[in-house]
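I opened the model today to jot down what I could look up in it. My notes follow the picture.

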Amino acid sequence: MHVNGLAGQMNEINKFHDEAMNLAERAVVAKVKGNLQQAHELLRKAYENEARAAYLLIDVSSPEPTRSVLFRSAASLAIDCNELREAEKLIAIGLSGNPPPDISKELRGMIKSHGRQKESQ
């Protein structure tokens with residue numbers, strides 16, 4: 001991909017990521033205010049936006065740590081939305097690249113805590 005293509009792709013990724021973080025923040029506020037339905041809807045939209053951003057970097061040659069951080073974030077939001085199978089996929093994809101050791105450790109930790117969460121259901 002040439003430089004303009006990569007820059008355009010990064011702009012799109014940043015747009016989805018920024019919107020996801022905004023929605024996640026609004027979900028926290030809604031939850032604190034006791035509006036659980038609105039919080040759930042905002043969190044789901046946040047997850048969808050973050051997953052879109054991450055999937056734009058699905059190619060394992062994409063820049064790290066951006067790639068693995070986005071997949072970690074999308075997986076975390078998927079877990080929050082009880083999309084456990086999707087979280088597993090996002091974690092696996094995040095680990096399939098070349099994540100830095102700390103991000104790799106966090107992704108592996110999510111697998112462990114996710115496994116405990118599945119067992120308790």
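This is a predicted model: local features need pLDDT of at least 70, side-chain atom pairs count only at pLDDT 80 or more; totals for chains, interfaces and linings use all residues.

**Surface and ground rules**

I started with the surface: the chain exposes about 7200 Å², and carbon and sulfur atoms supply 53% of that. Accessible areas come from the Shrake-Rupley method with a 1.4 Å probe, and for residues only the protein chains shown count as cover.

Residues are numbered from 1 along each chain as its sequence is written, and side-chain values use heavy atoms, with hydrogens and water left out.

**Overall fold**

I looked up the secondary structure next and found 5 helices and 0 strands. Helices (H or I, at least four residues) and strands (E, at least two) are DSSP runs, numbered from the N terminus. Along the sequence the pattern reads α-α-α-α-α. The radius of gyration is 15 Å, close to the 14 Å from the globule rule for 121 residues, so the chain is as compact as a globular protein of that length. That radius is taken over C-alpha atoms, and the rule is 2.2 Å times the number of residues to the power 0.38.

The C-alpha atoms fill a box of roughly 45 × 30 × 20 Å along the principal axes. Of the 121 residues, 37% count as buried; buried means under 20% relative accessible area, exposed over 50%, and partly exposed in between (1.4 Å probe, protein chains only). Among contacts with a separation of 6 or more, 62% come from residues 24 or more positions apart. A contact here means heavy atoms within 4.5 Å.

I checked charges too: there are 16 positive and 16 negative side chains, and the centres of the two sets lie 4 Å apart. Lys and Arg count as positive and Asp and Glu as negative, with His and the chain ends not counted. Each charge is placed at NZ of Lys, CZ of Arg, CG of Asp or CD of Glu.

**The aromatic pair**

How many aromatic pairs does the structure hold? I found 1. The ring centres of Y55 and F71 are 5.7 Å apart with the planes at 90 degrees, so I logged the pair as edge-to-face. Rings of Phe, Tyr and Trp (its six-membered ring) pair if their centres lie within 6.5 Å; planes under 30 degrees apart are stacked, over 60 edge-to-face, and the rest tilted. The pair links distant parts of the chain, with Y55 in helix α2 (residues 36–55) and F71 in helix α3 (residues 66–80), 16 residues apart. Y55 is partly exposed at 31% relative accessible area, whereas F71 is buried at 0%.

**Single residues**

A30 sits in helix α1 (residues 3–32) and is buried at 5% relative accessibility. Beyond neighbours within four places in sequence, A30 contacts N35, Q38, A39 and L42.

S104 is in helix α5 (residues 101–119) and is buried, at 12%. Not counting residues up to four places away, S104 touches L95 and P99.

Is the peptide bond from E64 to P65 cis or trans? I read cis, with omega near 10 degrees. P65 lies in the loop between α2 and α3 and is partly exposed at 38%.

N82 has a positive phi, near 60 degrees, and is not a glycine. I found N82 in the loop between α3 and α4 (84–96), partly exposed at 47%.
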